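Here is a short briefing on helix packing and a ligand site. Look over the model, then read the points below.

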Amino acid sequence: MTIYDLHCHSTASDGVLTPRELVLRAKEKGVDVLALTDHDELSGQAEAGETAVEAGLQLIHGVEISVSWSNVTLHVVGLNVDPLDPVLLHGLARNRGGRTERARRIGEELARIGIPGAFEGASVLADNKELISRTHFARFLIERGTAKNMKSVFKHYLVKGKPGYVSHQWASLEDALTWIQAAGGVAVLAHPGRYQIGREKMRLLLSEFQHLGGTGIEVVTGSHTPDQVPVFTELALEFDLLASIGSDFHAPGEGGRELGRLTALPERCRPIWQAWN
Ligand code: AMP
Ligand code: MN
Ligand code: MN
Ligand code: MN
């Protein structure tokens, strides 16, 4: 059986392993086909690709694009993209553009409730200074003892209605799909079970995603509970979308899913790799 893991992060975004370390760890965990999907960033792809050749696993070039859709932040994964495509590179650079200013504002919001130095703290933890994410703030808050783990950070801070939340305008869904398609890739809606939207709005999203040329949704992901898997299997079939699988691994021992440690896609699903095999 081929083990696929089509969603994970390196130091090029908010992961803690370099692309090389990540690929070697995936190999060690038995992954046969890995997609590196850093947030709004492709700079880790060359190193990951070289290491994959050396280690003997298949690397799929990918990216996870931040999108604003109807007042919700969504993540769209592009798989099997050309990492040198100018349209995609230009779009991603634009999407990264607002991150530093946003991070400064997050720092100001945290300072207001008595947590100074958060921007500087998060910035030090970010290897890629163009890509300071909430994960870096979360690690800073854990380091200083403000919260005990990731789960508790994202329960009490950095999310809508809590201290350290700053709203932000990301790419439109249409732009994200256009960039992915320009780069020859397929668009996959990431961890749909994480979005706080009702059933009707989810259906509207899937319908719009499919009409804009979206190809798949993540059915098995580190973000889904076991009972969400059949729900998104049925929605994938209903909206004629292929199914993807990915751990969304960021760091060893941080509470997220380990590379390659996922249940298989349900039999009823048509797997996303049909789109490129
Ligand atoms: P950003 O793109 O800066 O808004 O950061 C989003 C990142 O924060 C996600 O990719 C995750 O790595 C992390 N994150 C968001 N919500 C959670 C959560 N509930 N638990 C753990 N990590 C989270
Ligand atoms: Mn992340
Ligand atoms: Mn995501
Ligand atoms: Mn992710």
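At what angle do helix H1 and helix H2 pack, and how far apart are their axes? H1 (residues 19–28) and H2 (residues 45–55) pack at about 35 degrees, with axes 8 Å apart. This is a predicted model: local features need pLDDT of at least 70, side-chain atom pairs count only at pLDDT 80 or more, and totals for chains, interfaces and linings use all residues. Residues are numbered from 1 along each chain as written, chains are lettered from A and ligands numbered from 1 in written order, and side-chain values use heavy atoms, without hydrogens or water.

**H1 and H2**
- H1 passes H2 in a right-handed crossing (the near helix is turned clockwise from the far one by less than a right angle).
- Helices are DSSP runs of H or I, at least four residues, numbered from the N terminus.
- Axes are lines fitted to C-alpha atoms over the stretch in contact, and angles run from 0 to 180 degrees between N-to-C directions.
- Pro19, Arg20, Val23, Leu24 and Lys27 of H1 meet Glu47, Ala48, Thr51, Ala52, Glu54 and Ala55 of H2 (heavy atoms within 4.5 Å).

**H9 and H10**
- H9 (residues 199–211) and H10 (residues 228–238) pack at about 45 degrees, with axes 11 Å apart.
- Met202, Arg203 and Leu206 of H9 make the contact with Phe232, Leu235 and Glu238 of H10.

**Ligand 1**
- Residues around ligand 1 include Asp14, His39, Arg102 and Phe154 (a heavy atom within 4 Å).
- A polar side-chain atom of Arg99 lies 3.0 Å from a ligand 1 oxygen.
- For a side-chain N or O atom of Arg134, the distance to an oxygen of ligand 1 is 2.8 Å.
- For His250, it is 2.9 Å.

Terms used:
Helix = DSSP H or I, 4+ residues; strand = E, 2+ residues; numbered from the N terminus. Polar contact = N/O pair within 3.5 Å; in protein donor to acceptor, adjacent residues only side chain to side chain.
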